[in-house]
Amino acid sequence: MKNYNRLLDNIIICCSLLLIITALFNHQYTFYTFTRWTITVSFICLSINTIKNKQFERSVFFISTAILFNPIFKIWFEREVWQIIDILISIILIGMLFINMKKKPVHNTV
């Protein structure tokens, strides 16, 4: 089950990473709204999973990023500031993917 959760986490991180990198380019406002909703929901799910696995540092990152991207109580920044935020979050997510890939798979012995 842990291997499945890790795979699911990696898929969510990859999809989020693609959205965030794509957001660096010019799009219509609706794309950014879609990105906000998707990142918020994805990162809330990831934070729940990391709390269950007692990975509290990661859960703090996912919760704070979900708050930053939340589409209901929007935090407004200039486009250049959002681009810097997107780049920093992308770097952190890439690092998480590499760390997840280095971990050895868990074998269930029953």
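Cys-15 is in no disulfide, and the nearest cysteine sulfur, that of Cys-14, is 6.9 Å away. Cys-15 counts as partly exposed, at 46% relative accessibility. Cys-45 is likewise in no disulfide; its nearest cysteine sulfur belongs to Cys-15 and is 13 Å away. The relative accessible area of Cys-45 is 42%, and this residue is partly exposed. Residues are called buried under 20% relative accessible area, exposed over 50%, and partly exposed in between, with a 1.4 Å probe and protein chains only.

The model is predicted, with local features requiring pLDDT of at least 70 and side-chain atom pairs counted only at pLDDT 80 or more, while totals for chains, interfaces and linings use all residues. Residues are numbered from 1 along each chain as its sequence is written, and side-chain values use heavy atoms, with hydrogens and water left out.

The protein contains 4 helices and 0 strands, and its elements run α-α-α-α from the N terminus on. Helices (H or I, at least four residues) and strands (E, at least two) are DSSP runs, numbered from the N terminus. Along the principal axes, the C-alpha atoms fill a box of roughly 55 × 25 × 20 Å. Of the 110 residues, 37% count as buried. Among contacts with a separation of 6 or more, 66% are between residues 24 or more positions apart, where contact means heavy atoms within 4.5 Å.

The largest nonpolar core has 21 residues, of which Ile-13, Phe-43, Phe-61, Phe-62, Ile-89 and Leu-93 touch the most other members. Two or more residues are given to this core by each of α1 (2-22), α2, α3 and α4 (79-102), and α4 gives the most, with 6 residues. A nonpolar core is a set of buried Ala, Val, Leu, Ile, Met, Phe, Trp, Tyr and Cys residues joined through side-chain atoms within 4.5 Å. In soluble globular proteins, nonpolar side chains tend to be buried together. Leaving aside neighbours within four places in sequence, Phe-62 is in contact with Ile-13, Phe-43, Leu-46, Ser-47, Thr-50, Leu-93 and Met-96.

The end C-alpha atoms of α4 are 35 Å apart, which agrees with the 34 Å that its 24 residues should span at 1.5 Å a residue. The expected span of a helix is 1.5 Å times one less than its number of residues. Buried residues of α4 include Trp-82, Asp-86, Ile-89, Ser-90, Leu-93 and Asn-100. Helix α3, with 14 residues, reaches 20 Å from its first C-alpha to its last, close to the expected 20 Å. In α3, the buried residues are Arg-58, Ser-59, Phe-61, Phe-62, Thr-65, Ala-66, Leu-68 and Phe-69.

Arg-58 lies in helix α3, which covers residues 56-69. Arg-58 is buried yet has no salt bridge, and the nearest side chain of opposite charge, Asp-9, is 6.0 Å away. Lys and Arg count as positive and Asp and Glu as negative, with His and the chain ends not counted; a salt bridge is a side-chain nitrogen of Lys or Arg within 4 Å of a carboxyl oxygen of Asp or Glu. Apart from neighbours within four places in sequence, Arg-58 is in contact with Thr-50, Met-96, Ile-99 and Asn-100.

Lys-54 is found in the loop between α2 (29-52) and α3. Although not a glycine, Lys-54 has a positive phi of about 60 degrees. Lys-54 is exposed, with a relative accessible area of 64%.

Key: A disulfide is a pair of cysteine sulfur atoms within 2.5 Å.
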